[in-house]
Amino acid sequence: MSGVAAYGGAFGPAQAERLLWRAGFGPRRGEAQALARLGLDGAIHALTYPGREKLVGHAPHDDKGRPLAPYDAWGHDHLWWLDRMIRTSRPLVERMALVWHDWFATSNDGVGSQRLMLNQNQLFRERGLGNFHDLLLDVTRDPAMLLWLNGSDNSKYSPNENYGREMMELFTLGAGRGYGEEDVRQNARALTGFRNDWKPNVGDVDFRYDPKYHDTGVKTLFRKRGAWTWRDSCRMCVTHPDHASFFVQKMWSYFVPTPPDAATASGLQRLYVQGKYEIRPVVSAILKHPALYTGPPMVKSPALYTAGLLRRLGRGIDTTSWVWLDSLAGQQLFYPPNVGGWDDTRWLDTATWRGRWWIAQEALDPYALDPGKRPEPYDGAKLIQAALLFWRNPTLAAPSTAALQQFTHNALGDAKSEKWKQQQYPPMVLNALRHLIATSPEFQAA
Amino acid sequence: MSDCLHCDGLSRSRMLHRAIAEAGRGLPSIEPGMPLPAGTGLSRRAFLAGGLGAALAVYGGSRLGLSAFEEGIAAAATATPGQVLVSVFLEGGADGLSVLSPQGDPLYTKLRPQLALSGGTPLTEDARLFWHPAVGGIAQLYGEQKVTVMPAVGYTHPDQSHFTSRHYWEVGATDTHLNTGWLGRYLDVVGTEDNPLQGVSFDDTLAPALATAKVPVAAITAPDQYDFYSNNVWGEVEERMLETFGRLGPVAQQVDRLRNQLLPFRAKDDGTPGFQSPVPYPKSDDPFPNKLAGLAAMIAAGLPLHVVALSAPGEYDTHSDEAGALADGLQLTADSLLAFQRDLEARGIADRVLVHVWSEFGRRAQENGSAGTDHGAAGTGFLIGTRASGQMVGEFPGLQSGLDDDGNLIETADFRAVYSALLEQWLDTDAAAIIPSAKTFPRPTLVKS
């Protein structure tokens, strides 16, 4: 046993729903109840060993019904992945891919090839619950990463520090932890040897390791002397005494918004090191931890917010609008703002909140009631009840409920004087209530 | 960017995408050894039990009653218009040795065999330095005594991490734990609880330099694009809906305040733009020129803006193939800043605005083998405006003795000294309350008296 605490309280639909938000993209109809029936251990097992993927629901398409072209059409990479998030039967696998996309944040702004970005994405999907050492090796030679951080520019003739620095600072050790500027330079030397060619009309091709470009000299990395290569570099970063604490803290932060206590952190580190850097046991232990179930809610990222709304509505990808809408809310997939990934502490401000308003509007758009055609009761309580039922009766806190009641009261009050308003305002009020609920604090976090 | 094959409905998204590509980029996630992000005072992604946003200190003032915002706007509208400081960030570590190339330094071409520039306009105050042709707009303003040049600004014991170094610049101290921005702390001293526009990021997210502990600040992409819509909700019901969403948590409350502040800048239903500029701005897919145009219009309209942050267009983390990428970014940035200055002058408000251009570090003197440069230390900064002193701050230390052990330029001016002087000479506030150890820094002359 790892000695990491496990949640021992009731595991009902509410707990299962939170787990589905943290380890996936929120529940579809009936999923929280089904997961709750498995119990905590059964639920975690189902998420971490999901079996073969089944895609549930309609295939994605653009506004004219044409299939997506994720390698070629601008924005269709985002839509393609959003569709996987919505339709997958392996939510944790997709969620881990999102974790690694943020951890090894690579932007197509620097890569310039949706195909290479999607290949990297597939690596994260296949290796995301495997072994971190293996993952680091694969990322280090991944073509998108080689382009993004100049790995294939780095040669013995002309060292380039970009990947060597971020590998330690952002991927394995943390800023200034257990390495210095000289290690950055030496690590860059160890990482030399990757090359690629560029062909007109094709782009970057023929990614390879060419020993002729590798600096075979002796390097001193972390005070150890040797003729280190890129494989040594990966191994030495992962076995570095400061790596496990970095890994655990960073991985934890993707699932729980409050930091782990000291005993939890050291227990998870033991689990990680004794497990030879396997990712799945650490993630399983985090998903079972009491802090996930009893702690504060966590802000949803824009992609999670969007995928979650669509899963709840049972709606698939049928418009390309999600690209600019998620971008407006601060998260276009495959375009993280920089190599540090997205800043999750800043998902909500006056600019990105407006993006979420528009996401909710787009999610609800096909369901909007036509006030000229669709009669609804001229009764505030019934309209609120109907709006909550539309969203499957979420729990709202008192201030939100009070705001909705006040709105309904005022809007129906405006209709008192005129008969046509008494017919047309109720459906409009219902539309507005659905939208307001979707933008409420209760829907922004889970 | 690749060509768009299925472009229906995507012209707007392309535009937005480019906006995002250049827009302000928050601090990275919190990891061991990495600074806490300015502003939140929170552990990562946390929400306190009180609900969404109650913990977001950047939206301080959330306890304020709803009616207060109207009074706040009314009060702000009648207040005497004050000074405005505009912070323009060249993200990625701009290569100062190309912005002002030391062509008169004998080591320059040795260190930069591929990248060395030649020719151009020399700097009046130091004949060794030449303006990059792409920043001709700034050089022109310099010729008019409207630019203060800092040829080697930085700090001792430079950190070569993008994230750590920009954090230092953002919080105004070499302190990884400080989590309010230097401009945010200034607003906490002089700001009010009802005016999100007092500190505004023209970016897709809030600039960490503006992170406050008490008073609200805002992020907008453009003043004329702050609209809210809901299908099949119109007329009185729509008005009721819009007056309601401000009650759905503190973030929404600030959104609602801002929406009201920006109503005059909305494009009209007949397509008339929400504002007009008296001078032409560069035409670009990048929104930067339009953001500056909107900013000038907002200041001219008397909106209560005080400190403003923008990210400059361009890619400055030039590890490879530096020359073209750097020139493109610098050109659009400098041309836009020139247009902004002319706009302010045409509107008669140039004396109220000062622009500070900065980057988290400069780049190594020796180029790398990819026709690029790696992370360095001291870099180039500018202050632009009719009230800028026009006197160089610090000096160019030379490539012979002016490099540190890592081969990076040694600073001859400290960014905290610059901040302290800006606070005192431009914002009329005692720097001691804002910048840690402010009294230990000399005060360069940044503003014409």
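Predicted model: local features only at pLDDT ≥ 70, side-chain atom pairs only at ≥ 80, totals over all residues.
## Helices H10 and H11 of chain A

In chain A, helix H10 covers residues 162-172 and helix H11 covers residues 181-190. Their axes come within 8 Å and cross at roughly 120 degrees. Angles of 65 to 115 degrees count as roughly perpendicular and those over 145 as roughly antiparallel. H10(A) and H11(A) are therefore oblique to each other. The crossing of H10(A) past H11(A) is right-handed.

On the H10(A) side, the contact is made by A:Gly164, A:Arg165, A:Met167 and A:Met168. H11(A) supplies A:Asp183, A:Val184, A:Asn187 and A:Ala188. By class, the residues of this contact of H10(A) with H11(A) are four nonpolar, two polar and two charged.

## A:Arg223 and its loop

A:Arg223 sits in the loop between strand S3 (219-221) and strand S4 (224-226) of chain A.

A:Asp183 is one of the contact residues of H11(A). A:Arg223 and A:Asp183 are 40 residues apart along the chain. Their C-alpha atoms are separated by 8.5 Å.

## Helix H18 of chain A

How many of the eight residues of helix H18 (residues 321-328) of chain A are buried? Eight of the eight are, so H18(A) is largely enclosed by the rest of the structure. The buried residues are A:Ser321, A:Trp322, A:Val323, A:Trp324, A:Leu325, A:Asp326, A:Ser327 and A:Leu328.

A:Gly330 follows H18(A). The phi of A:Gly330 is positive, near 105 degrees.

## The eight-stranded sheet of chain B

Chain B has an open sheet of eight strands. Their order is S7-S6-S8-S1-S9-S10-S5-S11, and the pairing is mixed. Strand S7 (218-219) and strand S11 (413-414) of chain B are the edge strands, and each pairs on one side only.

S7(B) runs parallel to strand S6 (residues 199-201) of chain B, joined by two bridges. In one pairing, B:Val200 has B:Ala218 of S7(B) as its bridge partner. Helix H5 (residues 136-143) of chain B lies across strand S5 (147-154) and strand S10 (379-384) of chain B. H5(B) runs at about 120 degrees to S5(B).

Strand S4 of chain B covers residues 126-131. Strand S2 (residues 100-101) of chain B runs antiparallel to S4(B), with two bridges between them. The bridge partner of B:Ser101 in S4(B) is B:Phe130.

Strand S3 (residues 122-123) of chain B also pairs with S4(B) in the antiparallel sense, over two bridges. B:Leu123 stands opposite B:Asp126 in S4(B). S3(B) and S4(B) are joined by a hairpin through two residues.

## Helices H10 and H11 of chain B

Helix H10 (residues 288-300) and helix H11 (residues 322-347) of chain B pack at an angle of about 20 degrees. Their axes are 9 Å apart. Angles under 35 degrees count as roughly parallel. H10(B) and H11(B) are therefore roughly parallel to each other. Their crossing is right-handed.

H10(B) contributes B:Phe288, B:Pro289, B:Leu292, B:Ala293, B:Ala296 and B:Ala300 to the contact. From H11(B) come B:Leu332, B:Ser336, B:Ala339, B:Phe340, B:Asp343, B:Leu344 and B:Arg347. The contact of H10(B) with H11(B) has ten nonpolar, one polar and two charged residues.

Technical notes. Residues numbered from 1 in each chain as written. Chains lettered and ligands numbered in written order. Axes fitted to C-alpha atoms, helices over the stretch in contact; angles between N-to-C directions. Helix = DSSP H or I, 4+ residues; strand = E, 2+ residues; numbered from the N terminus. Left-handed = near helix turned anticlockwise from the far one by under 90°. Contact = placed C-beta atoms within 7 Å. Nonpolar A, V, L, I, M, F, W, Y, C, P; charged D, E, K, R; others polar. Pairing = 2+ DSSP bridges. Buried ≥ 20, exposed ≤ 12 C-beta atoms within 10 Å, placed from the backbone.
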